[in-house]
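Work through the following exercises with the model open. Each task is followed by a solution in steps.

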Amino acid sequence: MEAFLHYLVPLPVVLPLFAAGLKFALGVRLQRLSQAVSVVALAAVLVIGLVLLFGVDAYGPQVVQVGGWEAPIGITLVADRLSTLMVTVSSAITLCVLVYSVGQGAADQEEATPLAIFYPTFLILVAGVSNAFLAGDLFNMYVGFEILLTSSYVLLTQGGTAARIRTGSTYVVVSLVSSVIFLVAIGLIYGATGTVNMAQLSVRLGELPVQLQLVLQVMLLLAFAIKAAVFPLSAWLPDSYPTAPAPVTAVFAGLLTKVGVYAMIRTQTLLFDNDALNGVLLWAALATMVIGIFGAMSQNDIKRLLSFTLVSHIGYMVFGIGLASLHGLSGAVFYVAHHITVQTTLFLVTGLIERRGGSTSLNDLSGLAKLSPMLGVLFFLPAMNLAGIPPLSGFLGKLGLLQAGVREGTPLAYLLVAGAVLTSLLTLFSIVRMWNYAFWRDPDDGRPVALGTLLESSEDDSVMGPSSPAGISVVGGTRPPIGIGGKAVMTSDVFPPLMLAATVALVVLGVAYTVFAGPLIGYSEATAAELLARTPYVEAVFPGGVR
Amino acid sequence: MVWLLTAHFAAAALAPLLVRWWGRNAFLALALVPAATTGWALAQALGVVAGTPVGVRIPWAPEYHLTLAFRMDTLSLVMTLIAAGIGTLILVYCARYFTDDEPGLGRFAGVLTGFAGAMVGLVLADDLIQLYVYWELTTVFSYLLIGHYTERRDSRRAAALAINVTTLGGLAMLVGLIMLGEAAGTYLISELLADPPGGPLTTVALALVLVGALSKSAILPFSLWLPSAMQAPTPVSGYLHAAAMVKAGVYLVARLTPGFGDLAVWQYTTLAFGTVTMVAAGWKALRQNDLKLLLAYGTVSQLGFLTAVLGAGTRDAALAGLAMLCAHAVFKAPLFLVVGIIDHSTGTRDLRELSGLRRSMPAVFWTSVLALASMAGLPPMAGFAAKEAVFGAFEHSGSPVLLVALVGLVVGSVFTVGYSLRFLWGAFFDKPDVPPTPVHPPAPLFVAPALLLGLLGLVGGPASSLLDPVLAAYADTVPWNAGNDPAHLALWHGFNLPLLLSALCLAGGLALFRWRTAVAWAGARFALPDAAAVYRRIVYYIVSFATQVTGATQRGSLPIYLGTILVTLVAASALPIIQGRLWTLEAPPVRWWDTPVQFIPAAVIVAAALWALMARGRLFAVVLAGMTGYGTATLFALQGAPDLALTQFLVETVSLVVFVLVLRRLPPRFSTPVLRTRRVLNLLIGAATGLLVASMAYFALAGRRAETISGGYPAAAEEAGGHNIISVLLVDVRAWDTMGEISVLASVAAGVASLLFVRRRTRRLRAPAVPGRLSVPVSSATGSAQTDGEWSPLPLGVAENIVTVRAEAKPLWLPGVLALSQERRSIIFEVVARLLFPVILVLSVFLLVTGHSSVGGGFAGGIVAGLGLMVRYLAGGRHELYLTLGLQPGVLIGLGMTITTGTALAGAVFGTEILAGGAYDLHLPFMEPVHLTSALAFDFGVYMLVVGLIQDILYSLGSGIDEQMERERQAGRAPQSEEVTA
């Protein structure tokens with residue numbers, strides 16, 4: 001078992017890429033086969049992730065020296081507890097989103113063209129995310145980032161509607177800047193240490209003058225903080241995510257920011273062994289939480305509102321990273337897993353809302369609980385989960401972080417505890433507002449869209465973009481829902497079965513985190529211990545000690 | 001007891017189904033669950049009171065101190081009986097309160113049953129966190145219950161108000177509980193109370209816990225949510241706001257008093273807030289006209305009473321408080337139920353419109369009399385016995401604080417008598433100017449629960465001495481009693497101060513009732529501000545503050561976002577640089593140049609870069625940017641890196657062509673420049689960033705302590721059997737990176753195609769294109785120009801209006817030029833292109849094959865081949881491009897990716913590791929054996945993908961834009977330029 005385990009490590013990257021290649025080659029031919037290829041590939045990745053999850057837990061980090069080139073000459077892939085957990089959760093999410101988008105594509109009878117681009121690009125995105133998680137080499141991690149970013153550019157501008165391109169350009173430019181910062185930091189690190197192998201860096205960076213370490217650390221953290229949307233580098237996110245089609249926004253919101261968080265965790269635990277920046281991280285976490293949730297309070301569009309809660313809750317994870325204690329990190333790790341799931345779920349549900357109600361604006365929507373009780377349940381559970389209502393996983397993650405903060409006991413930690421609690425309250429406030437408007441109002445109180453209405457996208461749909469004054473959504477502004485390929489969508493009270501099934505699966509997954517909270521939290525704790533110890537990772541890469 | 005809880009939640013899940021089957025009678029079935037809980041609790045009662053608590057502990061997540069710990073001691077027993085017992089009666093009552101066709105009844109039934117379960121869980125929980133879990137569950141369920149009439153705006157608002165306020169308190173409490181748990185080292189309540197922690201942090205923790213308890217029990221200043229919550233259906237009010245949810249806060253006070261009752265923060269907070277609430281809310285209740293609101297304020301008042309007594313921290317007060325808590329549940333619930341019955345039977349609950357119900361609904365009247373008598377504290381009711389005990393406990397304590405509080409409690413009790421009378425008079429008695437209200441008589445099952453509870457209150461008084469040992473079992477856990485002998489509950493203690501106070505209360509209440517008009521006037525005159533309005537105002541301020549903050553941070557401007565990022569970068573990096581005085585690091589061996597020739601390209605780069613900043617024309621700027629690239633390539637070449645130089649040159653060339661193709665659709669000049677001040681600011685930010693990066697490059701090298709790993713590369717290349725380190729790195733040592741990068745290229749190709757082609761509504765081609773055959777539109781005027789919607793558009797053979805020319809019938813240098821207009825053709829270019837193309841292809845294959853040992857590689861080869869395609873396109877137009885390669889870009893890219901990833905997988909399957917190299921010597925007749933390596937296969941994949949990418953770019957940005965422009969020309973429009981970037 002143990003001997004064969006490490007063969008699995010590269011597969012979460014290679015399999016989706018292989019499938020993407022097949023799909024490119026197939027083009028618009030053999031649709032069913034082509035879809036089966038992608039679903040099978042991601043399902044396989046999920047299974048591999050689960051096997052690795054147990055394997056890594058039992059046998060320690062699994063290392064692959066790609067091509068047989070020993071570290072630090074070649075590229076190393078490392079599956080330790082953290083990366084395996086991330087790969088597993090992300091593959092579960094991406095599989096559900098893929099099934100959802102298959103359902104959506106079929107339901108909208110999209111032309112084959114956009115989908116012939118959408119699916120392979122989506123698979124490449126998945127490969128990039130997995131690569132970023134598994135990379136044991138800083139430059140390869142950058143490559144992983146590039147893969148996922150480039151495909152995210154494509155997915156975000158799918159269909160090329162004016163709104164998507166306008167908001168997409170904000171996203172692309174900001175992401176490019178973050179990539180450049182990352183790349184510059186890698187160059188400087190290589191210049192200073194002569195290596196990019198992360199295990200080796202964990203030793204060599206420590207030998208540098210302290211202040212030089214700090215600058216390098218600051219640069220890496222900044223590059224990742226842009227991706228993770230940490231205040232004050234977060235403003236791009238609510239401007240760019242909401243215009244994309246539902247499955248795209250879902251996977252972006254759930255996953256992409258967490259890749260940044262993951263990289264921040266690695267920077268703070270593996271690469272740099274100091275606590276000089278923890279205080280700064282805590283302040284950033286506080287600002288992210290509070291200012292993020294302030295943004296959510298005044299939004300009228302569900303997608304935009306959720307984007308702000310996304311930013312805000314990144315603060316929770318940074319809180320855990322900044323505490324840098326066993327419990328803080330374990331709380332952050334658990335919260336990452338929870339937040340990936342719940343945020344993805346909510347955006348997928350929003351896609352269903354859009355399909356049923358013809359809008360995502362709280363001014364238009366009303367009476368959804370009555371019109372579709374199913375939708376009500378599907379929204380309510382993850383929404384309460386996001387708000388951290390016990391016993392759902394959002395509460396458990398928050399609990400871990402609050403306990404860690406109280407245990408830390410410094411005034412700043414208590415301030416963060418207060419901020420976290422305030423954020424939790426205001427999140428609930430925003431969610432209650434959404435629920436009261438969209439789900440509880442009498443169906444005639446809003447501006448109901450009749451069933452069977454064709455929601456065309458107009459070229460000058462200039463409402464939600466960054467051009468709106470001060471970033472606040474314009475009252476009465478509705479952006480027509482658009483299919484994956486930018487095609488008009490018909491409102492309907494029957495949800496395509498695959499879309500529904502994928503959403504239900506994610507809601508159930510979110511609830512399962514509570515049911516299996518014991519083992520999951522145990523795993524997070526073990527992960528945090530492994531991260532703090534640093535040696536398991538380094539020794540797995542260099543069994544004979546770092547050269 | 002875990003099973004009982006599970007049964008509640010299972011019943012809750014089933015409830016919608018049951019309601020669908022049986023209509024409102026489903027409530028009777030649901031009532032069985034709390035009834036069973038009540039029965040179970042009664043069965044355990046003897047043992048529990050005797051001092052052997054029932055408990056169970058199941059670990060859940062030990063790292064977070066999460067335990068499913070349940071423990072039933074006396075206090076929990078009493079609370080369980082109240083929550084489950086009254087819950088049972090309420091569910092029975094619901095079976096008659098609602099009609100079968102009530103909208104949302106199934107959901108309501110489920111939530112109410114779930115609520116009952118959460119309440120039972122709350123009082124049984126022996127773990128702080130678990131207690132909070134149920135606490136919040138009751139909050140969420142109550143939100144759904146209060147908002148039951150979802151179409152009413154007031155109802156939705158009340159629900160939101162309730163959940164926001166109680167969660168505010170709840171979260172504060174959570175922090176407090178965690179602080180307590182961490183301070184005590186245990187989260188188990190029983191262990192915590194056995195050894196309570198102390199110190200200033202505990203004080204803060206307790207204050208936070210009290211915020212939660214007070215908000216849940218609607219104590220001032222959190223009391224605002226309860227009166228609004230009367231929007232809920234009456235059974236909800238009866239259950240949540242009399243017996244269950246609001247009791248949670250009181251329960252928590254009672255639960256923790258044995259551990260912390262002697263602390264000033266605990267005593268004074270509960271006493272002060274409790275007493276003030278009792279008086280203020282009682283005063284407000286005196287002038288209510290809505291019976292339900294009267295009860296609501298009455299409830300707030302009584303909750304204040306309970307909080308003050310249970311938090312007082314003496315053994316006797318605890319005994320009296322628990323007795324009062326039981327009495328309150330038994331008299332307040334029936335009163336709410338009575339209001340529901342009256343509302344149901346008459347259609348109103350305004351006491352100004354009700355008259356004569358005393359005669360028309362005698363059973364309801366007598367039920368109310370019993371309950372009100374208990375509330376007012378008249379003998380021989382349970383309420384009387386409890387209130388006597390309270391007065392006695394406070395009087396004996398000897399503490400001045402408690403005596404002051406006693407004054408408040410007496411005043412509050414006077415008000416209680418007053419509004420009890422107002423209720424009785426208002427609901428049932430004849431009013432001179434109001435005609436008797438028409439009544440639709442209630443069903444017996446509708447009245448029975450209320451009557452049963454009323455009778456319990458009647459029995460409870462005389463039986464109080466029997467109940468005394470039960471309640472004392474809790475009270476004795478409070479270790480402080482001010483040196484007094486333990487008091488006992490009884491109906492008659494003889495003539496003493498408490499009895500006098502009771503009489504005083506009665507007299508005062510009668511007086512208040514006698515002069516009720518004056519009281520109502522005074523109440524309106526000296527009213528507290530309307531709580532709901534205050535809340536709305538607070539929310540308004542918070543939201544508008546949030547909006548301002550958001551407006552300030554979320555500018556919606558890309559330049560500002562970029563500026564923020566760069567300024568943060570510079571500021572955050574400059575700090576450690578200056579602090580650490582990095583410039584004092586031992587300087588690295590700086591070599592400013594290798595050969596003076598390097599200065600030429602360097603100067604070109606710098607000049608071109610600066611010039612590009614000032615250029616106003618797009619094309620010009622692109623060319624200048626290209627020059628920086630060529631300059632860099634020259635530097636590579638001079639440095640002795642021919643591979644890098646070659647690749648860089650090729651990439652720059654392709655980029656230039658691509659830019660030119662795209663620029664056809666963009667305005668020739670950049671849009672108007674921004675403000676001068678902004679330009680200066682941007683310049684400063686840019687310069688600072690550049691300076692930072694440049695100086696850091698110096699410092700990083702200065703700080704180097706170890707050898708670079710690149711020292712091992714020559715040996716690695718040797719081992720891989722190649723002589724070109726770069727190439728070996730790309731396709732062998734770091735082939736994993738290459739695999740990643742080519743997938744980046746694949747998504748770029750997809751993105752380019754996506755942006756250009758997907759918006760068109762297109763039909764799929766049926767007839768496949770035949771290479772070597774050329775189709776040209778007959779008349780461009782008819783050109784509806786339906787292109788194929790595939791991402792590799794092949795406009796060949798587009799249906800009828802096409803002539804097909806056999807290429808071989810009309811030999812041409814480049815057959816595609818037939819479709820070009822005469823003035824666009826250039827014979828020389830055509831000839832050169834045709835002659836060069838095979839040469840270019842051979843060169844590209846050569847580069848591919850030799851890459852391992854000398855300059856070249858799949859990437860460079862692919863670009864060269866792509867340049868060949870580019871030449872054919874430029875010379876012969878788009879039709880020529882379509883004819884050049886029979887394969888579509890998607891196929892090339894797909895195959896390329898499949899080959900590279902397949903090679904990678906093959907390494908794992910046949911070799912030792914993923915991407916492991918393998919070799920095979922192919923022996924062909926008459927030739928040297930050909931050495932085939934897996935690296936070559938890998939490189940071939942790269943080659944194909946790059947060719948596919950360039951072909952894709954030409955299809956999209958070249959011929960795709962050609963087509964757009966042709967169509968627009970046909971439509972009589974000038975080529976339209978779009979500004980897409982911000």
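**Exercise 1.** Find which helix gives the largest share of the lining of the largest cavity.

Solution. In this predicted model, H12(A) supplies that share, with five residues. Helix H13 (302-323) of chain A and helix H23 (531-553) of chain B also give two or more residues to the lining. In total 14 residues line the cavity, and those nearest its centre include Ile291(A), Gly292(A) and Gln554(B). By type, the lining divides into seven nonpolar, seven polar and no charged residues. The volume of this cavity is about 90 Å³; the structure holds eleven cavities of 30 Å³ or more.

**Exercise 2.** Check whether the span of helix H18 (residues 400-428) of chain B agrees with its number of residues.

Solution. Take 1.5 Å a residue: the 29 residues should span 42 Å. The end C-alpha atoms are 42 Å apart, so the two values agree. Next, count buried residues: 22 of the 29 in H18(B) are buried, and the helix is therefore largely enclosed by the rest of the structure.

**Exercise 3.** Determine whether Pro233(B) is buried or exposed, and list its contacts beyond four places in sequence.

Solution. Locate Pro233(B) in the loop between helix H9 (225-228) and helix H10 (234-243) of chain B. Its relative accessible area is 1%; buried means under 20%, so Pro233(B) is buried. Contacts of Pro233(B) are made with Tyr97(B), Phe98(B), Phe108(B), Leu145(B), His148(B), Tyr149(B) and Lys292(B). Tyr97(B) lies 136 residues from Pro233(B) in sequence, yet their C-alpha atoms are 9.2 Å apart.

Note on methods. Residues numbered from 1 in each chain as written. Chains lettered and ligands numbered in written order. Predicted model: local features only at pLDDT ≥ 70, side-chain atom pairs only at ≥ 80, totals over all residues. Heavy atoms only, no water. Helix = DSSP H or I, 4+ residues; strand = E, 2+ residues; numbered from the N terminus. Expected span 1.5 Å × (residues − 1). Buried < 20%, exposed > 50% of the residue type's maximum accessible area, 1.4 Å probe, protein only. Contact = heavy atoms within 4.5 Å. 1 Å grid on protein atoms, 1.4 Å probe; cavity = no way out; pocket = protein on both sides within 12 Å on 5 of 7 lines; lining within 4 Å. Points joined across faces, edges and corners; volume = space filled by probe spheres on them. Nonpolar A, V, L, I, M, F, W, Y, C, P; charged D, E, K, R; others polar.
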